[in-house]
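Welcome, and thanks for taking a look at this model. The short briefing below walks through its strands, rings and charged pairs, topic by topic.

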Amino acid sequence: MSVDAPADVTYNGNDQTWIPTVKDDDKTLVAGTDYAVSYSNEDRTNVTGLITVTIKGLGNYTGEVTRTYQVNPKGYSVATQSDSKVYDGKALTASGEVKGLVNAADATFAVTGSQTEVGSSSNSYALNFSSDQMAKNYKLDAESVGTLTVSESAEEIVVTTTGGTFTYD
């Protein structure tokens with residue numbers, strides 16, 4: 001009795017149960033008649049660690065073979081944009097995006113960066129997965145955080161007082 005080997009798979013939101021191909025020389029054997037299959041883990045959709053598959057001979061076939069595979073985390077990327085403007089007293093914000101999630105409902109994403117005063121800051125973000133398990137199903141592959149920059153106004157400001165008119169530098 002020979003059994004093929006499974007390959008590790010990447011999380012995709014679907015059941016990823018490996019079905020072995022079991023042969024006796026050139027003859028493909030039948031599950032439930034010639035052999036039984038059992039899995040060490042009932043959850044074969046999410047990232048849960050190593051899954052051991054046991055194939056045990058039935059009827060005219062004896063012996064037991066084990067194979068292992070796992071569901072690996074899916075990579076995702078986050079990018080927030082950079083932007084700049086001259087000071088106007090209003091907050092500067094810019095967009096961002098997350099790519100690579102299987103379903104939009106797997107996590108919530110919001111750009112949180114804001115710059116009002118003269119200076120620079122990171123265009124930060126918040127990414128919250130819908131559950132602890134969902135967070136395990138993903139890994140951050142790439143991150144690009146933009147910069148928000150507010151610069152001083154180059155315009156001349158004129159202040160008028162009761163004692164006269166002066167140019168402010």
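How many aromatic pairs does the count come to? The count comes to five aromatic pairs, where rings of Phe, Tyr and Trp (its six-membered ring) pair if their centres lie within 6.5 Å, and planes under 30 degrees apart count as stacked, over 60 as edge-to-face and the rest as tilted. Please keep in mind that this is a predicted model, in which local features need pLDDT of at least 70 and side-chain atom pairs count only at pLDDT 80 or more, while totals for chains, interfaces and linings use all residues. Residues are numbered from 1 along each chain as its sequence is written, and side-chain values use heavy atoms, with hydrogens and water left out.

**Aromatic rings**

- The rings of Y76 and Y138 have centres 6.2 Å apart and planes at 85 degrees, so this pair is edge-to-face.
- Y76 belongs to strand β8 and Y138 to strand β14, so the pair ties together parts that are 62 residues apart in sequence; strands here are DSSP runs (E, at least two residues), numbered from the N terminus.
- Both Y76 and Y138 are buried, where buried means under 20% relative accessible area, exposed over 50% and partly exposed in between (1.4 Å probe, protein chains only).
- F129 and Y138 make a stacked pair, because their ring centres are 5.5 Å apart and their planes stand at 20 degrees.
- Ring pairs join Y11, Y76, F129 and Y138 into a cluster.
- R44 lies over the face of Y39, at 4.1 Å from the ring centre; a charge sits over a ring if NZ of Lys or CZ of Arg is within 6 Å of the ring centre and within 35 degrees of the ring normal.

**The β10-β8-β14 sheet**

- Three strands, in the order β10-β8-β14, form an open sheet with mixed pairing; two strands pair if DSSP finds at least two bridges between them.
- β10 (96–99) and β14 (138–144) stand at the edges with a single partner strand each, so one side of each is left without a neighbour in the sheet.
- β8 (residues 74–80) pairs with β10 in the antiparallel sense over four bridges, and T80 stands opposite G96 in β10.

**Strand β15 and its partners**

- Strand β15 (residues 147–151) has L148 and V150 on its covered face, with T147, T149 and S151 on the uncovered one.
- Strand β9 (residues 83–86) runs parallel to β15 and is joined to it by four bridges; D83 has L148 as its bridge partner.
- Strand β12 (residues 119–122) pairs with β15 in the antiparallel sense, also over four bridges, and S122 stands opposite T147.

**A look around F109**

- F109 lies in strand β11 (residues 107–111) and counts as partly exposed at 25% relative accessibility.
- Leaving aside neighbours within four places in sequence, F109 is in contact (heavy atoms within 4.5 Å) with residues including V78, T80, E97 and Y125.
- F109 and A126 are 17 residues apart along the chain, and their C-alpha atoms are separated by 5.8 Å.

**Salt bridges**

- The structure holds three salt bridges, each a side-chain nitrogen of Lys or Arg within 4 Å of a carboxyl oxygen of Asp or Glu.
- D88 pairs with K85, the closest N and O atoms being 2.8 Å apart, and D88 is partly exposed at 44% relative accessible area.
- E97 meets K99 at 3.7 Å, N to O; E97 is partly exposed at 38%, and K99 is partly exposed at 48%.
- K139 pairs with D141, with the closest N and O atoms 3.7 Å apart; K139 is partly exposed at 43%, whereas D141 is exposed at 51%.
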